[in-house]
Amino acid sequence: VDGCVKPVLPLLLSPLTESGGVESASAALLRLLRLLRALPTTALQRVSMAIVGGMIRGLGANGLRWPAAARATSFDALSLLVSRAPASLKVFVPQLQSSYFKGLVDAHPLVRSRAAAAIAGLLPSVPRTEALLANYAIALRAAAALPPDSYPSTYTHILESLRDTLHDLDRRAPDTPSLPLLTPLRSSRADELKTALQETALSPALQGEDMVTVLVCQELLR
């Protein structure tokens, strides 16, 4: 299988990293996702680093030019790779986090929802949670600076993702006597996130369900 896949990868990845037409990038992402779904796990693991590296470069260089559906497809493909080749991709965790959190404040709700799912799938591979907490604080403040017509779903996606992450952190610490006495949640990064949540709670754009989620997150961070 490797001998068949490796020659094809440059054809699929080059439209992502080159400043060509968005149509070619969209088509390449769909083909890449179909390929990843079809590959046996062992074959996928052997090519995963090359694919993730190319996709991250493409997202960084050209992602904002792609249609929302293409950006969403890129997160689907990255999530699939992380789920099937986690050990191979640990070196990319910081870059994946950065890409995913940019997606979490994307202008399009489809992209935000796929980015939130990608963050959830990445959590088991995250060695330290301080960067996660800092990224959520940054995302909440970025949402506050977005145009009013982006509310309320931008806050909804960020807050629901944060709530699920905090619950996941607690589940990963079964010896913790009560919610949420996790060392990372007592760090300076956690303090930054608490402040960002307090600011978010004061936003006039926040709606009822989002306020409930803010309160849950604040309780989890106590």
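**View 1. Helices α5 and α6 pack at an angle of about 145°, with their axes 12 Å apart.** Axes here are lines fitted to C-alpha atoms, for helices over the stretch in contact, and angles run from 0 to 180 degrees between N-to-C directions. The structure is a predicted model, in which local features need pLDDT of at least 70 and side-chain atom pairs count only at pLDDT 80 or more, while totals for chains, interfaces and linings use all residues. Residues are numbered from 1 along each chain as its sequence is written, and side-chain values use heavy atoms, with hydrogens and water left out. On the α5 side the contact (heavy atoms within 4.5 Å) is made by F75, L78, S79 and V82, and on the α6 side by L96, S99, Y100 and G103. By class, this contact of α5 with α6 has five nonpolar, three polar and no charged residues, where Ala, Val, Leu, Ile, Met, Phe, Trp, Tyr, Cys and Pro count as nonpolar, Asp, Glu, Lys and Arg as charged, and the others, Gly among them, as polar.

**View 2. The largest pocket has a volume of about 280 Å³.** A pocket is an open set of points on a 1 Å grid over the protein atoms alone, where a 1.4 Å probe fits, with protein on both sides within 12 Å along at least five of seven lines, and its lining residues have an atom within 4 Å of a point; the volume is the space filled by probe spheres set on the points. The elements that give two or more residues to the lining of this pocket are α4 (41–62), α5 (68–84) and α6 (93–104), the helices being DSSP runs (H or I, at least four residues) numbered from the N terminus. Helix α4 gives the most, with five residues. Of the 14 lining residues, L59, G63, L64, S99 and K102 lie nearest the pocket centre, and the lining divides into six nonpolar, five polar and three charged residues.

**View 3. The axes of helix α9 (residues 153–171) and helix α11 (residues 208–220) come within 9 Å and cross at roughly 30°.** Because angles under 35 degrees count as roughly parallel, α9 is roughly parallel to α11. Residues of α9 including Y155, L159 and L166 meet residues of α11, among them V214, C217 and L220. The contact of α9 with α11 has eight nonpolar, three polar and three charged residues.

**View 4. Helix α7 (residues 109–122) and α9 pack at an angle of about 10°, with their axes 10 Å apart.** This angle makes α7 roughly parallel to α9. P109, R112, S113, A116 and I119 in α7 meet S153, T154, H157, S161 and T165 in α9.

Key. Parallel < 35°, antiparallel > 145°, perpendicular 65-115°, else oblique.
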